[in-house]
Structure formats: structure tokens, C-alpha cells
Amino acid sequence: MTTQNRGTVKVENGRYRVTGNFHYAYPNEPIRDESGKLLGITNPADMTHIHAYGGEAPFFENLSNAKLLGTKCANPKCETYGSVYIPYRIHCPDCLMRNEEVDLTELARKGASVHTFMITERTGAFNTLEKPIRFVNVEFEGVSTILMGYLSIGEPEIGMKVVPIFQTKKPTFTIMDLSWVPAGTSAADLPEGFTF
Amino acid sequence: MIKFSKQQLKIPQMSKPVYLVTGGMSKFDRAIPEKRTEELVIDSFLEAAEFINKSPEELKQYIHSCYYGHFADHFGDQLLGEAVIHDRLGLDPLGNVGIKTGGATGGSTIWEAYKAVASGYSDTALAMGWERMDEVPTDEGNHYIASAADKDWETPLGHIYTGYYAVMAQKYWQVFGKEEESFRRTLAEIAVKNKGYARMNPHAQSPMKITVEDVLNSPIVAHPLRALDCCLMSVGASCVILADEKTAYEMTDNPLLLYSSAGSHTLRVADRRDMAIPLLPNESPDQYKDLGVRFPGGDRYPGFTGFLAARMAAYYAYGMAGIVDPTEDLDLVELHDAFTISDIQTYEDIGIRPYGEGRSYVESGDCYHTNPFTGQPGKLPANLSGGLIGCMHAVGATGIMQVIEVAQHIWGRWSEMHADEAKWKRFNRVKPDDWTDLQVKGAKRGLAISHAGVGSHVTATVLVHPDHQLKGRG
Ligand SMILES: [Zn+2]
């Protein structure tokens with residue numbers, strides 16, 4: 001069974017234009033018990049979905065430019081006017097006005113610290129992170145929320161200072177393009193494809 | 001939102017009281033390859049009918065609308081599985097709807113059926129929940145569960161939901177547990193208790209006679225959580241029948257008053273903003289002023305340590321049922337022990353203990369059927385079913401199973417439903433020689449908490465014997 005020519009998508013005139021294969025068909029196989037009795041079948045599935053980033057697209061695009069973008073409520077009438085959000089929120093959760101984009105890269109480089117973390121050997125199917133994985137939840141001075149990410153170097157601790165690194169050389173345009181390392185890590189030690 | 005309006009804090013006022021009439025459960029197990037989901041669903045329905053001495057056909061005559069809890073279509077690879085079940089139960093052409101709120105699906109299903117009866121839409125409603133988590137291998141199952149986190153911001157990170165929760169556990173462990181060995185042992189005690197109670201439950205998937213040391217020596221999942229601290233992945237079904245007063249008393253002599261409420265919080269823990277702690281009736285405005293002093297790092301609420309959704313669900317339900325202090329006013333609880341540490345967090349969220357002091361509910365012995373220090377009945381026994389750690393977590397069925405378990409105590413029929421040799425045999429399970437009757441003597445009121453993942457949805461269901469209603473109910 002071939003999985004060549006896997007599907008790709010472009011948008012032209014506001015429409016999705018797809019080329020290639022978005023699914024591959026495999027035969028079912030019977031499931032039997034020790035006695036040979038039929039109990040069921042396997043249902044193989046290999047399918048590609050299309051997913052719109054919409055208003056969050058600038059965030060994912062800019063990771064590849066080594067930029068960490070958040071947003072801010074810019075509605076002076078809002079009760080939580082000026083609140084800064086990362087994860088990037090397109091709209092303010094209170095007034096629902098469109099938030100303003102803010103570049104948090106410098107703030108993150110200066111003032112990010114680990115709010116909490118976890119280390120595990122366990123992962124699910126499709127995981128691409130090296131094990132054990134180390135999640136860090138990063139808090140920034142003056143930001144309302146706490147961003148989850150993964151630590152690429154060192155052992156996490158609550159309160160430890162970390163800085164963002166970005167997969168700028170071969171970006172995937174996913175959250176995986178953003179990782180964290182302890183403050184003071186040298187550029188030479190960064191994982192392949194990543195820069196400060 | 002981080003501030004609430006008067007309208008949002010309204011204690012729900014239902015048009016009429018709602019009663020729990022009966023409930024039933026299937027066997028629960030990690031895999032049940034010999035049965036289709038509909039067979040498990042029918043097993044649970046038959047038990048519910050038999051419980052009130054009705055034939056399935058007689059019971060069906062009362063049902064007017066149906067609420068189906070089934071969380072993960074992905075697992076069974078069948079969209080609109082609810083419609084399949086509805087047909088197999090022979091309940092077409094009655095109205096039905098599927099409900100999904102992650103781990104809280106079972107509780108939410110009851111919440112929906114409750115409102116249908118309370119509003120007068122239906123005199124009798126069926127709330128049925130199921131899950132079948134055996135139709136993909138564990139790895140793929142983990143990926144599917146992780147798909148219930150934010151697909152863009154979280155799922156790609158390891159495809160492992162436990163990890164998204166474990167960061168909360170870590171924070172609680174360090175701030176409120178102070179990384180104390182004694183706290184770690186208290187966590188382990190919860191697993192020992194729940195696995196042990198599961199031994200008395202023929203439905204339960206993971207009965208185990210273990211020690212604190214066994215838990216502490218089980219494989220690490222994500223420090224401080226170990227394998228025996230974690231809930232099960234299960235297959236099975238459970239259902240309840242809710243009715244208005246007149247119909248309930250037509251169907252049975254002994255229906256229980258039921259109150260149901262729900263709360264929510266952001267799917268990503270990342271998005272939780274700092275706010276004031278909403279207070280429950282047994283708390284005072286100044287009691288948390290020094291929380292950050294007593295527990296350095298614990299001043300951010302709900303931060304990564306509290307489940308605001310649970311607090312809100314409790315706030316509404318306590319108001320509806322007239323509960324002031326859950327430890328005084330309730331006789332037992334079934335809590336969503338997805339992890340031993342989230343169990344402790346929940347004690348605080350629902351006011352069994354104040355924030356920061358959850359561990360004392362275990363350490364006092366209050367949470368046991370029989371307090372191990374005094375030999376007297378525990379003040380507020382928790383998870384006598386075995387909970388999610390010992391009995392099951394067949395997601396859509398979990399919250400319903402909890403309500404049935406609580407109800408059987410109030411009905412005084414727990415022993416009958418758990419001692420039955422025929423049932424043990426039918427489930428191909430061996431009843432232990434030291435089987436113990438866990439009936440909570442004289443139970444009049446109980447609570448079940450159904451909870452999703454990192455706390456996106458939580459429901460609270462309160463059961464009250466009609467002769468023992470509390471004053472001050474909403
Ligand atoms: Zn705003």
C-alpha cells in the first residue's frame with residue numbers, strides 16, 4: 001500500500017484547492033479468539049484533515065521568525081482593558097472586541113519563569129518529542145495567562161528562568177516551533193533547527 | 001469571566017422537584033470484546049428495570065425523552081452512536097440528544113435529563129451513558145484523549161492528556177503538599193482505599209488489596225503521580241431514570257430527590273486568570289487572606305491548583321439543596337478521583353475542607369467507610385464504589401455510576417446490589433472471602449461530582465431522601 005503523493009492544500013480565491021491523496025485505503029482484518037470464533041474486524045484509517053488557523057495564523061507564522069506574539073485588549077471601555085494574553089486570543093474574553101497584537105519576544109527573553117512543570121516517559125500516538133518529555137508552564141511579568149510549552153535543555157524547576165527558542169530553520173508552523181531553554185544557555189547547545 | 005453578575009450567581013430555581021427512580025449498570029472492564037456497546041447499554045437498562053420490579057417494557061412506557069452521554073466518538077469510530085443506541089433500546093420516535101463534556105459527560109447527561117423533567121417537558125426521562133475505550137490500543141487512545149485538549153496549543157505536546165493535568169498536580173504537590181513525604185503517603189492512601197473498596201463491587205474493573213508501599217513503588221507516570229495514582233480506562237454503561245413527583249411515586253415507593261448543577265472553566269489551563277476565590281456557604285471572606293503566607297505560591301486562584309468549575313457546580317448545587325457544610329449535611333460522596341491528587345484538590349473546591357487543607361479529610365479518617373483510627377463510621381465516606389481508580393472510568397457512564405452508587409446507600413440497598421452471588425458469577429468475577437458490607441448506615445443525603453480533565457466541566461448531583469430535606473434550600 002502506497003502513501004505517496006500525500007495531500008497538500010492551497011487557498012485560491014478564498015477556496016481550498018487540494019492536490020494529492022487525503023486518504024489511503026487498507027483492507028479490514030478479522031479479529032478472532034483462541035477458538036477461531038469471529039469477534040470483530042479492524043478498521044484501518046489514514047486520513048489528512050484541513051485546519052484553518054484563522055486569526056491565530058500570525059502567531060504560528062511568526063514563530064518561524066523567532067517572534068512570540070500575544071494579544072491585548074485595546075478597548076478602554078472594557079473592565080479588563082489592557083490585559084495581555086498568551087495563548088494568543090483573537091478576541092478579548094470579556095468585551096469580545098478584537099484584541100491588539102503585542103510582541104512578547106523581548107519580555108519573554110527577559111522575564112519568563114516556570115510556573116509549574118512535569119516530566120514523563122509516557123506519550124500518545126503521533127508524539128514527536130524526545131522522551132522523557134518536559135512540559136513547562138511559563139509565566140511572564142504583566143501577562144494574565146500562563147503558556148504551556150516544552151523544555152528542550154536541562155531539568156525544569158518551579159521559578160527557574162527560561163528563554164524561548166524557535167524552530168526557524170525547518171519550521172512546522174505548529175506550537176512545536178516554540179520551545180524553552182534555561183536562561184544563559186549558549187546558542188551552540190540548542191537543538192537542531194532552533195535559534196534564539 | 002473573572003467577576004460574576006447577580007444573574008450569574010442565581011441559585012437555579014426549578015419549576016418542579018425531580019426524583020431519581022432507579023438506575024442500573026453493566027459490568028465494567030478494560031476490554032469487552034464479546035459485546036457490542038448496545039449490549040452493555042441494555043445490561044444496564046435491565047438492571048434499572050429489575051431494581052424497581054418492572055419489566056423493561058413497563059419501564060419504557062414511562063420514558064418521554066432520552067439523554068445520552070458518550071464522550072469519544074473517535075474510539076468507536078461511529079458518529080451519532082446515540083441514534084444507534086436509541087434504536088436498539090426501542091425508544092424511537094422519542095426525542096433524544098447526545099451529550100459530551102469530556103470526563104463530566106455522565107454528570108452532564110443527568111443535568112440535561114434533570115432539566116427536562118424539572119421544566120415539565122417530560123414526566124420521565126432516561127439518562128444513559130457509556131464508553132468503549134477498548135477499540136484502539138492505549139497509545140492511540142492517549143492521542144484521542146489528548147485531542148480533548150486544545151488541538152493547536154496542547155495536543156501536539158506529547159499527545160498525552162495526563163501530562164496536561166500533571167503540571168497542575170506538580171504545582172499542588174509543591175505549593176500545598178510542600179513536597180512532604182507524608183503528603184505523598186496520604187495520596188497513596190486514597191488509591192489503597194479506592195482499590196480496596198472496589199474489591200466489594202462486582203462491577204469494578206480493578207479491585208486490589210494493596211499497601212501504601214505498593215502505590216509508592218508503582219511505575220512513575222509523571223512525578224509525583226505513579227501508575228496506581230491514576231484512574232482506569234474502561235468499557236461499560238450505566239443509566240438512571242428521573243421523573244416528576246407524581247410519576248416517580250407511581251413507579252416506586254421510594255424515589256430520591258435529585259438536584260443537579262454544572263460549572264465550567266477554560267479548556268486550556270493556560271487561559272485561567274487570577275481572580276478572587278468564590279466562597280461556599282461554610283467559608284468566610286477573610287479565611288483565605290493569608291493563604292499565600294501559609295502556602296507560599298498559593299495565592300494565585302484558581303491558578304494551576306484549583307478547579308473553579310467544581311467550586312461553581314458546588315455553589316449552585318448546595319444552594320439548591322440547602323447544603324451549608326458538606327461534611328455535616330451529607331452522609332457520603334462519590335468524587336471524580338481521576339488522580340489521587342485531583343481527588344484532594346476537589347475536597348477543597350467543593351468545601352469538604354478549606355483550600356490548602358484537603359489532605360486532612362483523608363488523614364482524619366473521615367473519608368473512610370469505617371474510620372481506621374476510631375473504628376467508628378467515617379464522617380463522610382468517599383468513593384465506596386472504588387471510584388475511577390478502582391471501579392471504572394468508562395467516561396460517559398462514570399458520572400451516572402457515581403449517582404447510582406450514592407443512591408443505593410440512601411435506599412439501603414447497597415448490600416443487595418453488591419453481595420449478589422449471581423451477579424459476581426455473571427460478570428465472571430470471584431467474590432472475595434473477606435467481602436465486607438459497605439452500606440453507609442442511615443444514609444440520607446449524598447453527592448456525586450463528575451469532572452472533565454483539567455477541569456473544563458464539572459457537575460454536582462445531590463441526592464436527598466424526601467423525608468430528610470434540608471432547610472434553606474433554594
Ligand atoms: Zn476587553
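Me: Before we start, where do the domain bounds come from?
Reply: Domain bounds are taken from an automatic or database domain assignment. Keep in mind, too, that this is a predicted model.

Me: Fine. Which domains does chain A get?
Reply: Chain A is assigned domain 1, covering 8-47, and domain 2, covering 54-195.

Me: And how many Å separate their centres?
Reply: Taken over C-alpha atoms, the centres of domain 1 and domain 2 of chain A are 34 Å apart.

Me: Switching to the interface: how many residues of chain B and chain A are in contact?
Reply: On chain B there are 38 residues in contact, and they meet 43 residues of chain A.

Me: How much area do chain B and chain A bury between them?
Reply: About 3400 Å², with 62% of it on carbon and sulfur atoms.

Me: Which three residues of chain B supply more of that than any other three?
Reply: That would be Trp153(B), Leu157(B) and Arg273(B), which supply 23% of the area chain B buries against chain A.

Me: What about salt bridges across the interface, how many does the rule find?
Reply: The rule finds 3. One of the salt bridges joins Glu79(A) and Lys3(B), whose closest N and O atoms lie 3.3 Å apart.

Me: Nice. Which elements of chain B each supply at least two residues to the side touching chain A?
Reply: Those are α6 (138-146), α7 (161-175) and β5 (220-222). The largest share, 7 residues, comes from α7(B).

Me: How does that side split by class?
Reply: The side of chain B touching chain A has 17 nonpolar, 8 polar and 13 charged residues.

Key:
Residues numbered from 1 in each chain as written. Chains lettered and ligands numbered in written order. Predicted model: local features only at pLDDT ≥ 70, side-chain atom pairs only at ≥ 80, totals over all residues. Heavy atoms only, no water. Contact = heavy atoms within 4.5 Å. Buried area = accessible area lost by both parts, 1.4 Å probe. Salt bridge = Lys/Arg side-chain N within 4 Å of Asp/Glu carboxyl O. Helix = DSSP H or I, 4+ residues; strand = E, 2+ residues; numbered from the N terminus. Nonpolar A, V, L, I, M, F, W, Y, C, P; charged D, E, K, R; others polar.
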